Amino acid sequence: QTAGVPCAPVGPREDWFAGETIAEAGLRKTFSHPRLGDVSIPDIPVKLCDTPGEVRGLAGPVDRPSWPERSAPATEPAMDRQAPLAGVRVLDLGTVIAGAHAGGILANLGAEVIKVEPAEGDPFRSYGGGFLAYNRGKRGLSLDLKQPQARELFFDLVRQADVVLDNYRFGVRERLGIDYEALKAVNPRIISCSINAYGKTGSRAERPGFDPLLQAEGGMMQAQGGTDEPILHTIPVNDVATAAIVAFGVVAALNARERSGRGQEVLTSLMAQSLTFQLGEMVHYEGRPPNDVGDRDCVGVRALHRFYECADGWIAVVCERPEEARAFADVLGLDLADPHAALTAPRDGPLADQIAEALSGCMREEVLVGLLNAGVPCAPCLRGQEAMQSSWLWENGTLEFWDHPLVGRIASVKGYADFSASPGGFTHPTPELGEHSVEIALEAGWTPERVEALVKAGAIFEPAGSRAHLRDGGGTALATQ
């Protein structure tokens with residue numbers, strides 16, 4: 001830590017939630033419960049400075065609200081349908097996963113998103129599946145914000161934008177001169193959303209952080225490893241969670257702006273998301289039952305909530321009700337004396353052994369058909385390539401093919417939500433570094449001569465061929481270097 005190396009200890013989630021780090025960040029709230037005493041729970045994961053939300057209390061009986069009458073909204077002809085965020089302009093300075101993916105979600109919802117990168121590019125930039133997926137739907141602008149001319153162009157873009165996203169370390173925006181106060185000075189309607197690792201307050205606010213570090217200190221690794229060595233979740237849980245919460249926060253801020261006419265700052269952190277996505281495990285009171293934990297080869301948490309191997313693959317079963325447990329046993333021909341007790345049977349006990357033996361010689365598809373017809377919640381455990389070939393996912397419009405100019409034909413997620421009256425979707429492939437720099441500068445109202453000067457000064461970077469956009473008044477292309 002003294003050397004500035006991002007690192008964190010592996011530890012239990014319970015100790016982390018009860019500790020000083022969470023308290024300093026203001027992410028723990030405690031309420032009095034009539035039976036349980038003091039109950040501590042995580043606070044909301046995203047802060048809107050002008051219209052803040054809050055956790056007002058523990059769940060309990062509430063009076064039914066009286067909603068005012070509203071007239072039915074006017075319907076538009078189908079040909080006039082627009083994506084939910086059509087017309088919203090986003091400057092996306094996000095990098096790696098959390099920041100970049102947030103902009104990708106907004107692009108999928110119809111926002112016009114410009115990915116702003118330095119000349120060296122996003123450190124995560126590659127032709128790997130992750131980068132291509134997280135940054136699809138954007139246009140690319142490469143900009144050296146340390147140069148005055150580049151900052152001038154950036155602020156001209158801010159004047160025309162609705163949202164600015166970043167996941168800089170705490171304090172970097174101020175050093176670059178693009179913090180919320182600076183943005184608001186040129187556009188009072190701007191929404192500035194910033195992500196860091198450990199929040200805005202506390203001794204760790206300025207530290208760098210990454211998803212695996214929050215998995216370690218936030219307890220995910222130790223909980224998954226159980227009594228054995230800690231286990232890394234290879235899916236970046238905290239990063240993806242942060243991207244989703246950022247998108248929600250931006251939409252909430254846009255909605256608030258419709259009423260007030262003002263923009264605002266939106267703040268969140270990886271740490272807040274590590275709490276949010278372990279919400280059930282992060283509730284504390286005296287006498288609380290312990291959380292479930294895994295082990296090195298964890299197949300589940302209970303006998304009827306786990307994976308089982310068939311002759312040609314694995315299935316997952318999750319029975320939560322006695323009737324589901326009874327139906328499961330009937331399909332497999334097992335004698336289940338007490339379905340209520342079966343729901344709490346351990347993952348490695350006698351019942352689990354009986355189920356494993358019964359399924360070991362069965363073909364996966366036949367078992368699934370029988371269980372689903374009996375009303376048992378279950379699913380096949382598909383490997384990545386199997387999932388991409390799943391007829392069910394394709395039939396439901398979850399996946400689609402698209403073309404990247406260099407990589408070629410790609411299959412990936414089509415969208416994150418379906419809107420019947422205002423469909424979203426991606427409108428651009430993942431941009432190359434600075435692919436649209438010249439185009440964007442011209443759209444911002446800069447003359448070809450001024451854009452040419454930006455390129456020569458290295459204030460903006462554009463790949464070979466982009467400068468065909470630069471034309472003089474007679475329509476001939478300006479000279480290129």
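Helix 3 and helix 10 lie oblique to each other in this predicted model. Helix 3 covers residues 98-108 and helix 10 covers residues 237-260. Two packed helices are described by the angle between their axes and the distance between the axes. For helix 3 and helix 10 the angle is about 45°, and the axes are 8 Å apart. The crossing of helix 3 past helix 10 is right-handed. On the side of helix 3, the residues in contact are A98, H101, A102, I105 and L106. They meet D239, V240, T242, A243, A244, V246, A247 and V250 of helix 10. Sorted by class, this contact between helix 3 and helix 10 holds 10 nonpolar residues, two polar ones and one charged one.

Helix 5, residues 148-159, and helix 19, residues 448-457, have axes that come within 10 Å and cross at roughly 135°. Helix 5 and helix 19 are therefore also oblique to each other. Helix 5 passes helix 19 in a left-handed crossing. In helix 5 the contact is made by Q149, A150, E152 and L153, and in helix 19 by R450, A453, L454 and A457. By class, the contact of helix 5 with helix 19 consists of five nonpolar residues, one polar residue and two charged residues.

Four strands make up an open sheet in the order 10-11-12-13, with antiparallel pairing. Its edge strands are strand 10 and strand 13 (378-381), each of which pairs on one side only. Neighbouring strands of this sheet are turned against each other by 40° on average, direction ignored.

Strand 10, residues 300-302, pairs with strand 11, residues 305-310, in the antiparallel sense over two bridges. One hairpin of two residues joins strand 10 to strand 11. R302 has H305 in strand 11 as its bridge partner. H305 also stands opposite V318 in strand 12. Strand 12 spans residues 313-318, and its antiparallel pairing with strand 11 runs over six bridges. Here too a hairpin makes the link, with two residues between strand 11 and strand 12. Strand 12 is in turn joined to strand 13 by four bridges, and these two strands run antiparallel. Across this pairing, A316 stands opposite A379 in strand 13.

A helix is set against the sheet. Helix 15, residues 364-373, lies across strand 11, strand 12 and strand 13. Relative to strand 13, helix 15 runs at about 165°.

Charged side chains supply another kind of link. The model has 26 salt bridges, counted with a side-chain nitrogen within 4 Å of a carboxyl oxygen. One of these salt bridges joins the side chains of E217 and R204, at 2.6 Å from N to O.

Terms used
Residues numbered from 1 in each chain as written. Predicted model: local features only at pLDDT ≥ 70, side-chain atom pairs only at ≥ 80, totals over all residues. Heavy atoms only, no water. Axes fitted to C-alpha atoms, helices over the stretch in contact; angles between N-to-C directions. Parallel < 35°, antiparallel > 145°, perpendicular 65-115°, else oblique. Left-handed = near helix turned anticlockwise from the far one by under 90°. Contact = heavy atoms within 4.5 Å. Nonpolar A, V, L, I, M, F, W, Y, C, P; charged D, E, K, R; others polar. Pairing = 2+ DSSP bridges.
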